[in-house]
Number of protein chains: 6
Amino acid sequence: MKYGARNQLMGTVTDIKKGSVMCEVKVKISSGAFMESVMTMNSLKELGIKKGDTVKIVVKAVNVLLVKE
Amino acid sequence: MKYGARNQLMGTVTDIKKGSVMCEVKVKISSGAFMESVMTMNSLKELGIKKGDTVKIVVKAVNVLLVKE
Amino acid sequence: MKYGARNQLMGTVTDIKKGSVMCEVKVKISSGAFMESVMTMNSLKELGIKKGDTVKIVVKAVNVLLVKE
Amino acid sequence: MKYGARNQLMGTVTDIKKGSVMCEVKVKISSGAFMESVMTMNSLKELGIKKGDTVKIVVKAVNVLLVKE
Amino acid sequence: MKYGARNQLMGTVTDIKKGSVMCEVKVKISSGAFMESVMTMNSLKELGIKKGDTVKIVVKAVNVLLVKE
Amino acid sequence: MKYGARNQLMGTVTDIKKGSVMCEVKVKISSGAFMESVMTMNSLKELGIKKGDTVKIVVKAVNVLLVKE
């Protein structure tokens, strides 16, 4: 399985906040930091993930913003 | 400084690959993993970053895809 | 503070429509036109913005679509 | 013509920077501020725009990041 | 009407799932496959679409991920 | 393999246009229509795709714009 995206990290689902159309999934990565994904409830159902599951995080580099503080 | 985005990680610039219009910036995060951002050469110039600089990575959660392998 | 994005405008928050997971924030820019951002309710809480606040609007150029009518 | 996007502004093309695959189009909006779009050279060809042309800028609200400085 | 995007498909709206802030619109394309768009309820109101309507699907190529399974 | 995205189509690579940093991949879907993906040359190398290969197209629904002409 290969993805055309420069950002690929493994993580563990730690929380899922459900709405009527959208939901927000919190994922802990190996550094201990958290990342989050927003998707539709329908996508969540198809993914079939729950707390504790291992997931791959995929982000295309064009959607990554760098900030110099 | 507060950002309306659920993904915020600190990292160190390790590589910059420059094209004529776009460029690709590689950033090492604390877990040792790498993330990348694609931006315009003009944005790179304004950011003024170079190898070794600390940057903040910001990604809106809607642009994060989860995959269950 | 420098952002790796070609679109940066200042504006004033004029309305916030809240849902359970997501919210929609309306911002008036200097031309009198309106722009809007959709984010999670959790991001809104962290941003801590309310009507009348000044915010910076940041959009990466890859996410800007041009149409010739 | 109706678009399913919360951000729609009119502007005038002021500059086009061309690469081999991608290009960067600069657009002046009515406030005098500038916005930019990155697209493929193939899209530019199909759009058929040049300096001085009027274009509509369309951005989905999910791709708009708010920052509180 | 010309769009600065490499992905343009025609389809027919087959379902709209409404939430408080966001909604999810299902569209059948000519191959019989389905595509979906998430937008705000406000955008849906402005679009004024309902089941059976013909719509154009527009996606910028930077937001298309390719996977090799 | 499950993806948290509402748009998933199979297609065949018909053309790859390479630049220094970015490239543009053209894919024919079953209806005979074409879709395109822009990614980095580094992602293309990792994907390892060439003309004639079968790929999965994945797009999050938030990045799909609907237009009513």
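Me: What is the area buried between chain A and chain F, and what share do carbon and sulfur atoms give?
Reply: About 1400 Å², with 51% from carbon and sulfur atoms. Buried area is the accessible area (1.4 Å probe) that two parts lose on being put together, summed over both. In chain A, A:R6, A:E46 and A:L47 lose the most area to chain F, together 33% of what that side buries. This is a predicted model: local features need pLDDT of at least 70, side-chain atom pairs count only at pLDDT 80 or more, and totals for chains, interfaces and linings use all residues. Residues are numbered from 1 along each chain as its sequence is written, chains are lettered from A and ligands numbered from 1 in the order in which they are written, and side-chain values use heavy atoms, with hydrogens and water left out.

Me: How many residues does each chain bring to the contact?
Reply: Chain A gives 18 residues and chain F gives 18 residues. Contact means heavy atoms within 4.5 Å.

Me: What makes A:E46 and F:R6 a salt bridge?
Reply: The definition asks for a side-chain nitrogen of Lys or Arg within 4 Å of a carboxyl oxygen of Asp or Glu. For A:E46 and F:R6 the closest N and O atoms are 3.2 Å apart, so the pair qualifies. The rule finds two salt bridges across this interface.

Me: Why is A:M22 called buried?
Reply: Buried means under 20% relative accessible area, exposed over 50%, partly exposed in between (1.4 Å probe, protein chains only). A:M22 has 4% relative accessibility, so A:M22 counts as buried.

Me: Which residues of other chains does A:M22 contact?
Reply: Among them are C:M22, E:M22 and F:V62.

Notes:
Lists of a residue's contacts leave out its neighbours within four places in sequence.
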